[in-house]
Amino acid sequence: MWRYPRILAHRGGGTLAPENTFAGLKRGMEFGFRAVEFDVMLARDGVPVVMHDPYLGRTVSGAGHVFDYDALELARMDAGSWFGADYRGEPVPLFVEFAQYCKANGIWMNIELKPARGFDRETGETVARITRAMFADQIAAGELDRVPLLSSFSLASLEAAVNAAPELPRAFLMSELPPGWEPLARSIDAVAIHTNHRHLTLALARAVRDAGFGLFCYTVNEPARARELLDWGVEAFCTDRIDLIGPNMA
Ligand code: G3P
Ligand code: MG
């Protein structure tokens, strides 16, 4: 079912560093995390960058959409000042460099495909292709527990990932499981369901696991709730509070 680490730092280093930055990864490592969730979308030139919002302004100084800029332009922008003066100049990471850093440091990745509107297929195809090339040796050796897991709210992105790199595992990400969740997840041959813990019930958790899928929740920030979800059979989750919930809690 779930062959991966069970507790992940959300968006790099949760809320202890600017999200989706190298500083976040380093903060996560300080707290013992070697597993991370982060968001990826395409810049104007089709090069993937690590970003959550499809527009600038909240975490990156500036204005406009991510797809208004080439990746190297974004990489020169400030993705740290919003969080604190100590992080001024922290760049928007290029996905390739971010993933290489994770691989080199033994950090397992849940890569969330976060397409800007209208770029679903391109995002899934590009990120899957790059990830497969980066992990070709692990795939060939059958070391599948070290290969990143691709997840997305976008079915089109996941379908494109299936076509581009069928060997990579995929998870269907749904805020709330709709009635037809199971055939949807099977349509992209998902290994896991990722869902918002706020909408999860014990009955749903059992249904997901009985159907043979792994079950992952986002974003769990209270230790008591984390314990409850684990008791329900939730196999893994990501957290913003890497200071309160350790990587070995499960
Ligand atoms: O991948 C789980 C979670 O990150 C999904 O929501 O908005 O934080 O990317 P969001
Ligand atoms: Mg995410």
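The points below go from the metal site to the strands around it, then to a helix and a loop residue.

1. A word on conventions. This is a predicted model, in which local features need pLDDT of at least 70 and side-chain atom pairs count only at pLDDT 80 or more, while totals for chains, interfaces and linings use all residues. Residues are numbered from 1 along each chain as its sequence is written, chains are lettered from A and ligands numbered from 1 in the order in which they are written, and side-chain values use heavy atoms, leaving out hydrogens and water.

2. The metal site. Glu37 (OE), Asp39 (OD) and Glu112 (OE) coordinate the magnesium ion (ligand 2) at 2.0 to 2.2 Å. Donors here are N, O and S atoms within 2.8 Å of the metal (3.2 Å for Na, K and Ca); water is not among the atoms, so sites may look incomplete. The spacing of the donor residues in sequence is E-x1-D-x72-E. Distant parts of the chain are linked this way: aspartate 39 lies in strand β2 (residues 35-42) and glutamate 112 in strand β4 (residues 108-113), 73 residues apart. Helices (H or I, at least four residues) and strands (E, at least two) are DSSP runs, numbered from the N terminus.

3. Strand β4. Six of the six residues of β4 are buried, so this strand is largely enclosed by the rest of the structure. Buried means under 20% relative accessible area, exposed over 50%, partly exposed in between (1.4 Å probe, protein chains only). Trp108, Asn110 and Glu112 point one way, and Met109, Ile111 and Leu113 the other.

4. Strand pairing. β4 pairs with β2 in the parallel sense over six bridges, with phenylalanine 38 opposite isoleucine 111. β4 also runs parallel to β5 (residues 149-152), joined by four bridges; there, leucine 113 has serine 152 as its bridge partner. Strands count as paired if DSSP finds at least two bridges between them.

5. Helix α6. In α6 (residues 155-164), the buried residues are Ser157, Leu158, Ala160, Ala161 and Ala164. They cover an arc of only 160 degrees around the axis, which puts them on the same side of α6; the arc is that of the directions from the helix axis to the C-beta atoms.

6. Glutamate 19. Where does glutamate 19 sit? Its place is the loop between β1 (7-10) and α1 (22-30), and glutamate 19 is buried, at a relative accessible area of 10%.
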